[in-house]
Structure formats: structure tokens, C-alpha cells
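I opened this model to take notes on it. My entries follow the order in which I looked things up.

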Amino acid sequence: MNAEVHPPTFFETVLHPYVERRTYLTLLYALLGLPLGVFYLVFVVTGLSLGLGLLVTLAGIPVLVLTLGGCRVLAQLERNLAVSLLDASMPRVESRREEGLLWRRLVSQLRSSMVWRELAYLLIRFATGVAGFSIAVSVIAGGVYYGLVQ
């Protein structure tokens with residue numbers, strides 16, 4: 001058997017990323033960063049400020065509970081996006097269920113560091129989403145401009 005080794009062609013080295021599916025899925029994730037980041041920021045800030053403002057009347061407790069629960073759901077959505085669009089390995093996060101009264105379960109959720117990390121991630125996603133969106137749009141616009149001018 002004669003195994004010949006040939007150097008990679010121009011297509012294989014430079015143009016191959018443009019035909020890969022992964023390139024466009026990553027671009028889609030970057031473009032989704034801005035609208036999702038804005039939604040996360042508005043949801044978290046509105047929920048927390050409304051809940052803390054209404055805490056005096058005790059109507060804020062359900063608002064805070066719903067806001068934190070919504071943050072858990074949105075963080076799981078973000079994990080699913082990372083797994084499906086970026087092929088990232090994201091471990092499924094299970095929260096421990098506290099037994100007992102409703103008040104004990106609520107306090108255990110408030111003491112959980114996972115809840116606060118997810119909430120912080122949703123807030124940080126706004127800044128990273130703006131940066132990712134800006135870079136993605138600049139790359140696309142530069143490519144379109146270069147294609148039209150040349």
C-alpha cells in the first residue's frame with residue numbers, strides 16, 4: 001500500500017469553516033444573545049424591584065418567589081441553548097427538595113447558592129449578549145460589504 005500524504009488545499013484550510021453547520025449555530029447563539037439578554041435583565045430587575053418594593057405589604061413574597069422560580073426556568077433554557085447550539089457539555093442541575101412546610105422550602109431556596117449564581121448569570125448575559133451580538137453583526141456586515149465592493 002502506498003499512502004500518499006498531500007498538503008491541505010486552500011478550501012480545506014481557509015474556506016472549510018464557512019460550510020460547517022457549527023459555524024452558523026454559533027453565529028445564531030451570538031445573535032440571540034442581545035434579545036435574550038435584554039429580556040433576562042428586564043425580567044430580573046423588574047421582578048426583584050417589584051418584589052422588594054411590595055415586601056412591606058407581604059404581597060412581595062409571592063412576587064419574589066415567582067421571580068426566583070422564573071430565573072431557574074430561564075437558566076435551564078440557557079443551558080438547553082448552549083447544549084443544542086454550541087454542543088457544550090452542560091450537566092443537568094437538580095435542586096434539592098427540602099421537606100416540610102412551605103416556609104422552610106422557601107428559605108432553603110433563598111439559601112441555595114445555585115439560585116443566586118443563576119440569577120447573576122442572567123444579569124451578566126446582558127453584557128455578554130451585547131458584545132457577542134455586536135461582534136457577530138460586524139463580521140456579517142464586513143463580509144457583505146467586502147463581497148459587494150470586490
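**Entry 1: Thr67**

I began with a polar atom of the Thr67 side chain, which lies 2.8 Å from the backbone oxygen of Val63. I am reading a predicted model here. I placed Thr67 in helix 3. Is Thr67 buried or exposed? I found a relative accessible area of 4% for Thr67, so this residue is buried. I then looked up what Thr67 touches, leaving out residues up to four places away in sequence. The list I got is Phe43, Val44, Gly47 and Leu48.

**Entry 2: confidence**

The mean pLDDT of the protein chain is 88. I noted that 95% of the residues reach 70 or more.

**Entry 3: salt bridges**

How many salt bridges are there? I counted three.

I took Glu118 with Arg72 to start. The closest N and O atoms of Glu118 and Arg72 are 2.7 Å apart. Why does this pair tie together separate parts of the sequence? Glu118 sits in helix 5 (residues 113–149) and Arg72 in helix 3 (residues 60–86), so the bridge joins parts that are 46 residues apart in sequence. I looked up the burial of both partners. Glu118 has 5% relative accessibility and counts as buried, because buried means under 20%. Arg72 is buried too, at 18%.

I went on to Glu78 and Arg125. They form a salt bridge, and their closest N and O atoms are 2.9 Å apart. Glu78 lies in helix 3 and Arg125 in helix 5, so parts 47 residues apart in sequence are tied together by this pair. I read a relative accessible area of 2% for Glu78, which is buried. Arg125 is buried as well, at 6%.

I turned next to Glu118 and Arg79. Their side chains meet in a salt bridge, at 2.6 Å from N to O. With Glu118 in helix 5 and Arg79 in helix 3, the two are 39 residues apart in sequence, so this bridge also ties together separate parts. I found Arg79 buried, with a relative accessible area of 11%.

Which residues are linked in a network of salt bridges? I noted Arg72, Arg79 and Glu118.

**Entry 4: a nonpolar patch**

I found a nonpolar patch made of Phe10, Phe11, Val14, Leu15, Tyr18, Val19 and Tyr24. Together these residues have about 740 Å² of accessible area. Which element gives the most to this patch? Helix 1, residues 10–15, does, with four residues.

Leu15 lies in helix 1. I read a relative accessible area of 33% for Leu15, so this residue is partly exposed.

Notes
Residues numbered from 1 in each chain as written. Predicted model: local features only at pLDDT ≥ 70, side-chain atom pairs only at ≥ 80, totals over all residues. Heavy atoms only, no water. Patch = residues over 30% accessible without salt bridge, like charges linked within 9 Å, V, L, I, M, F, W, Y side chains within 5 Å. Areas by Shrake-Rupley, 256 points an atom, 1.4 Å probe, with all protein chains shown as cover. Salt bridge = Lys/Arg side-chain N within 4 Å of Asp/Glu carboxyl O. Buried < 20%, exposed > 50% of the residue type's maximum accessible area, 1.4 Å probe, protein only. Polar contact = N/O pair within 3.5 Å; in protein donor to acceptor, adjacent residues only side chain to side chain. Contact = heavy atoms within 4.5 Å. pLDDT = per-residue confidence, 0-100.
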